[in-house]
Amino acid sequence: MNTEKTNAPAEQITYANILFYGCWGGLALIIVIYLIYITGILDPYVSMAKVTHYWALPVQNYLTDNNVPTGWGWLTLLNKGDFLNFLGIALLAGLTIICYLPIIFAYLKKNDRAYTIIALLEVIVLCVAASGIVGTGGH
Amino acid sequence: MASILLLAAVVWASNETGLAEQVTAQMAQATGNTSELPWWAWPAILIVFCFILGIIAVLAGVGGGVLFVPLVSGFFPFHLDFVRGAGLLVALAGALAAGPGLLKRNLASLRLALPVALIASSCAIVGAFLGLALPADVVQICLGATIIGIAILLLLSKNTARPVVTKQDALGMALGIQGAYLEPATGEIVEWKTHRTLPGLLLFIVIGIMAGMFGLGAGWANVPVLNLLMGAPLKVAVGTSKFLLSITDTSAAWVYLNQGCVIPLMAIPSIIGLMAGSFVGVRLLAKAKPTFIRYMVIGVLIFAGGKALLKGLGF
């Protein structure tokens, strides 16, 4: 039924396939890690009692009073149940960057300069956001 | 409506009647700083609440984030900083899950999404920092006003299934923003192209800032701009908008993540609950009465927006 005209371009299919496996893999990882966290298999860095108190307060109180790291500081606390969760979250949040990489090459191959530049700029924007190098501290 | 949802969540979450009473009392306090509930009660309530929210969001044709942020910030004891962080992750997860199917069926177009996403995601970073730098009560007031505005927009906007685009503009043509999809109901091939591409792209500056600032998915704004202004068919506008959120929300989500605004204990059950609800919602879509649900959601948004406004004003 589908004609050539309605077929999604090859780079769009590539993007979709990476997104599919990455998203569902990431969600499965998130659920498994969350179960590890709430069942207490790994001790949390910030106790459950403290979290339920501090989530009602501004983020700055939570960070300062509990000595919680910002940026990529969570990587140093992966042995703690609560911070292990950031592994799955980071995978989901980083998935778009991974999906963009092959389409940059696909557009480059097609000599589509405008979209190569757009895709390249998007990766830079997302990497800057992910790096945490812009902005300091919350209110 | 929100109270009914919360009550349903409580009943479902626990068989303990005492717990339900405690929850009701705490909900009444809305933002009580201390919780008498055991720690596991809130994730349990959130997962059920977000499951129901996910069903309603799909039936009403809105993203989960737009319901999640005002309702959870208004009726749960979480600070707005953490609600926005979780709201972005909720919207992001939903968009990531929907993306593959939409892209493969050509209902989301990379050629339309990529230029829009670059503008919106860059501006979402600015919005996220703006939201974190402004005092919480100011953000709460702006959020309330925006949510009420969204409700009015939903009430008044009359999207067009297939807008007539007689001539594609120069920018749209240069970027090759066009495509075709198969209409399954009729077997017809629907070809489309855009017009007014530049004003459409410029509007995504504002949309991106608002998405980042309030932690909302911005489907409510994406669809009218793509459909009514730029002339994309409604199905392509809705599909591309949903996919677009996976890119826009990524940039803002990283900002909130890096600033410590994500607490896994509350964010993860929200994501899981809302995604599970969305799956059920899609299956209920054929049987539901969308008009009734749409008006119900508009009512909830006005209520939640009003609550956020009052909270920001200190009432």
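Predicted model: local features only at pLDDT ≥ 70, side-chain atom pairs only at ≥ 80, totals over all residues.
Trainee: What share of the residues in chain B is buried, and what does helix 4 of chain B show?

Mentor: A residue is buried if 20 or more other C-beta atoms lie within 10 Å of its own, exposed if 12 or fewer, and partly exposed in between, with C-beta atoms placed from the backbone. Of the 315 residues in chain B, 61% are buried, and in helix 4 of chain B this holds for 12 of its 12 residues, among them F68(B), P70(B) and F75(B). By contrast, Y295(B), in helix 13 (residues 290-312) of chain B, is partly exposed because it has 14 C-beta neighbours inside 10 Å.

Trainee: What span should helix 4 of chain B have?

Mentor: The expected span of a helix is 1.5 Å times one less than its number of residues. For the 12 residues of helix 4 (residues 64-75) of chain B this gives 16 Å, and the end C-alpha atoms are 16 Å apart, which agrees.

Trainee: Which residues of helix 5 of chain B meet helix 11 of chain B, and at what angle do the axes cross?

Mentor: Two residues are in contact if their C-beta atoms, placed from the backbone, lie within 7 Å. In helix 5 of chain B, residues including R84(B), L88(B) and L92(B) meet residues of helix 11 of chain B, among them K242(B), F243(B) and D249(B). Axes are lines fitted to C-alpha atoms, for helices over the stretch in contact, and angles run from 0 to 180 degrees between N-to-C directions; here the two axes come within 7 Å and cross at roughly 145°.

Trainee: How many residues of chain B are in contact with chain A?

Mentor: In chain B, 62 residues are in contact with 57 residues of chain A. Elements giving two or more residues to this side of chain B include helix 5 (80-104) and strand 1 (178-183).

Notes:
Residues numbered from 1 in each chain as written. Chains lettered and ligands numbered in written order. Helix = DSSP H or I, 4+ residues; strand = E, 2+ residues; numbered from the N terminus.
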